[in-house]
Each structure stands twice: as structure tokens, then as C-alpha cells.
Amino acid sequence: MFAFFRPAAHQAPLPDEQVDSTYRRLRWQIFAGIFFGYAGYYLLRKNFSLAMPYLIDEEGYTRGQLGLAISAIAIAYGLSKFLMGLVSDRSNPRYFLPFGLLISAGVMFIFGFAHWATSSVAIMFVLLFINGWAQGMGWPPSGRTMVHWWSQKERGGVVSVWNVAHNVGGGLIGPLFLLGLGWTNDWHAAFYVPAAVAVLVAVFAFAAMRDTPQSVGLPPVEQYKNDYPEGYDESHEQEFSAKQIFVQYVLRNKMLWYIALANVFVYLLRYGVLDWAPTYLKEAKHFSVDTTSWAYFFYEWAGIPGTLLCGWMSDKIFRGNRGLTGIVFMALVTVATLVYWLNPPGNPTVDMIALFAIGFLIYGPVMLVGLQALELAPKKAAGTAAGFTGLFGYLGGSVAASAAMGYTVDHFGWDGGFVLLVSACVLAIAFLIPTLRHTRAASTGREAIA
């Protein structure tokens, strides 16, 4: 079924004098492809959250029902990010990433133009499940691309810059919704306007991306940068079997299990705040529709400087200790979450600052978990390792943020919901503590296997 996506064949080596200029040009081009390509996925990830206040007011759905429906994205995405990670490690990312983006855009067009799409919780769940599965086709090919085109010493900075694609795409949902709402006076614009933009992004990503350096006649990046991980040999350029990837480099990797469990609670906070921000600010803090849309934008875009700062601190201040960096950021985000919760209505500036602070701080730990996953496995298994942590983050954390948060608020009010979120902060820190001894990436994956 996925033969169409198989890795590109190696091409004849380019002359030595062309290697440097070609590498430099293609790395900029390919980075633009995976950056904007992945940002396009986030244009289609959380549209439903902006539509939820309308579905509550006009369609009569409860918060619990909509939380159950939106949990389909997390369930499907968690499974897909892992299973599609296995596929992507044996696929050509140039085809893989745009294809998933087009499927996701198709689902959003259905939500935007077919009235039956929101006629029942079951239908919404199925459509959101399909969208979530397609969304899982974005991260793994991006991770595979980065570990093939950037060497280990470069990777921390590259991953942290690429990771802000989350925020660029996610933050634009609010303004695009307001733009579409102004044009059409139709809240369904939250679906079809971002979908139209995403189709254009998919075309750009296909034009810009390439498979491995060897597929265009270049040497492996380790040779080009003279940056060889410990234990590197020619076998690292050979594709692994699915069994080798899954058993040897994932299931037996203790450190990967720790960061996967921490990811459950990082994602519970991330999406517990993000998914419910429009509804919480409207109901508990009495924000207007346009104000909640901009608050959504600021939450996402605050993550851009926060992620870059976190990546820099991880490399320069904490000297590669990703676990300690994550603990510091999670401790600070706990404080910001408490302010966001306990600030009484009528102080919108404090609410916006607190929401901005949460967005600024939470995406650093999100990035670090993904970076550690890439560093803890060989590059031919990178997509699966990242998918494994995503499986935990989405099936555990994001599902709880959607369904459990919705039902908790229905039964215990917003105070109960925030007790859940603050507890998630504490538990994330608890699972990051065992990673403190890991200060340098295990380049081959063997150091982390016990």
C-alpha cells in the first residue's frame, strides 16, 4: 500500500566541487519545506476548538460531548504518529508529508461545507479521527529529514527552530478564522479557510523537499560535516527492518520510556489549556469571540521565542541536559497556570499575560521530548522513536485534555479542571527527574538500552 512512498534510490555522487554549494542550497530549501509543511498541519489541528462555543450555543452540545468528539484527534494522532513513524522511516518524506496534509485538508472542507458533519457526536468523532490519523503523517517525515540533513552537533538548534512551526501554524488559525468570519459571517470558516491555505502549503512542501542526501548525489551529512557519532559506521546508512527499529531501538530503550511518560503530562497541560481556552475565557472570564481568537493566537505564537530560548538554554546553559531544562520550564509553567486559574474575572490583561506565559513556557518541554527521542535512536529509527513518545503524549495526555477535561468541568466546574492541569505539571516533573543523568545524546541508541 505504501510502495508509492518508498525511499528514493541513491544517485551517482556529484563532483567534489559541487558538494558544498549543493548541500548549502538544498538544506535551506528542504528546511523551508518541512517548516512550512508542518506549520500547514497545525492550520488543521485545532480548528474544532474555535467552533466549540458555537456548537454549544447553537447545536446544544455539552462540553463533555464535544470533549469526547475532539478526543478522536488525539487517539488517532497518537496511534498514527507511532505507526506512521514506522512507515515513514522506510518512506520518502517528500511524498509522505504533503499527502497527509491533503487528507487533513479534505476533512476540514467536509466540516466546513457539509452540514451533516456536525449533526451528531458519532459523525464528528469519525471525521476527527480521520483528521487525527492524517495529522500523524507530519512529524515523522520531518524528523527523518532533519536527522539525514543535519549532523548531531547542529541538530539542537535546527530542531528548536523547526519546532516553532507548531506555533506559526497553530497561531494563524485564530486570525484566519476572524478573516473568514468577516468575509462570510459563517463560523464554519474556522474549517474551510485554513484548509484552503493548507492545500497551497502542501504543494510548496512537495516542491521544496527531498529524500536523503544520497538520493541527490550527496554524501551522508556525517561525512560532509565531519561529525561522526560514536560507533558510526556504514551500517548506519542502511535501512533497518521494522522489527529492528521497534524492538531493538524503541522497546528496550529505558530513557525513551521515561520521556514518553513525562510527555503524557506535558501534553495534558499543553492541550488542556489550548483546547479549552476559547470556551474557558468566554464562560469564566467573559471574553468576546474576537478577544478569545486573539488570545488563542498569542498562546501559540508565544511559543516561538519560548522554544528558541529553551533550545539555547538546553545547549549553552544546561550543556545538553534536556531533562533539567525541561524541569525548569515545567516549574515555571506551573506558576503561570495557577495565575491563569486564580485570577478573578474582570482582569483580562492578567489573563492574557498568563496565557502568553503558558504558551511561552510549555512548547520548550514539548520540543525537548521530541529532540531527546531523535537523539536516543539511530537516524534510520528516528521517526519511530519520536512517534513512540507522541503515542504516549496523545493517547494519554491529549485524550485526557479533551475528554477528561470536558467531563471534569461539567461535574466539578473549572476549578476541578485546573486541579487536573496543575497535577499534570507536577507529574511531568516527576518523570523528567530520572532523565537528569542523561546529558548527551546516545548517538547510536545503544547507550540507552539496558
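Colleague: Which side chain does R63 meet in a salt bridge?

Modeller: A salt bridge is a side-chain nitrogen of Lys or Arg within 4 Å of a carboxyl oxygen of Asp or Glu. In this case the side chain of R63 meets that of E283, at 2.9 Å from N to O. R63 belongs to helix α3 (residues 63-88) and E283 to helix α12, so the pair ties together parts that are 220 residues apart in sequence. Helices are DSSP runs (H or I, at least four residues), numbered from the N terminus. This is a predicted model, in which local features need pLDDT of at least 70 and side-chain atom pairs count only at pLDDT 80 or more, while totals for chains, interfaces and linings use all residues. Residues are numbered from 1 along each chain as its sequence is written, and side-chain values use heavy atoms, with hydrogens and water left out.

Colleague: How many salt bridges does a search of the whole structure find?

Modeller: The search finds six. Another of them joins D351 to K285, with the closest N and O atoms 2.6 Å apart. D351 lies in helix α15 and K285 in the loop between α12 and α13 (289-317), so this pair ties together parts that are 66 residues apart in sequence.

Colleague: Is D351 buried or exposed?

Modeller: Buried means under 20% relative accessible area, exposed over 50%, and partly exposed in between (1.4 Å probe, protein chains only). D351 counts as buried because its relative accessibility is 2%; K285 is buried as well, with a relative accessible area of 6%. By contrast, R63 is partly exposed at 22%, and E283 is partly exposed at 29%.

Colleague: At what angle do the axes of α12 and α15 cross?

Modeller: Two packed helices are described by the angle between their axes and the distance between the axes. Axes are lines fitted to C-alpha atoms, for helices over the stretch in contact, and angles run from 0 to 180 degrees between N-to-C directions. Here the axes of α12 (residues 254-283) and α15 (residues 348-375) come within 10 Å and cross at roughly 150°. The two helices are therefore roughly antiparallel to each other, a term for angles over 145 degrees.

Colleague: Which residues make the nonpolar surface patch?

Modeller: Such a patch is made of residues with over 30% relative accessible area and no salt bridge, with nonpolar side chains (Val, Leu, Ile, Met, Phe, Trp, Tyr) joined within 5 Å. F99, I103, V126 and I130 make this one, of about 310 Å². Helices α4 (93-113) and α5 (121-135) each give two or more residues to the patch.

Conventions: Patch = residues over 30% accessible without salt bridge, like charges linked within 9 Å, V, L, I, M, F, W, Y side chains within 5 Å. Areas by Shrake-Rupley, 256 points an atom, 1.4 Å probe, with all protein chains shown as cover. Parallel < 35°, antiparallel > 145°, perpendicular 65-115°, else oblique.
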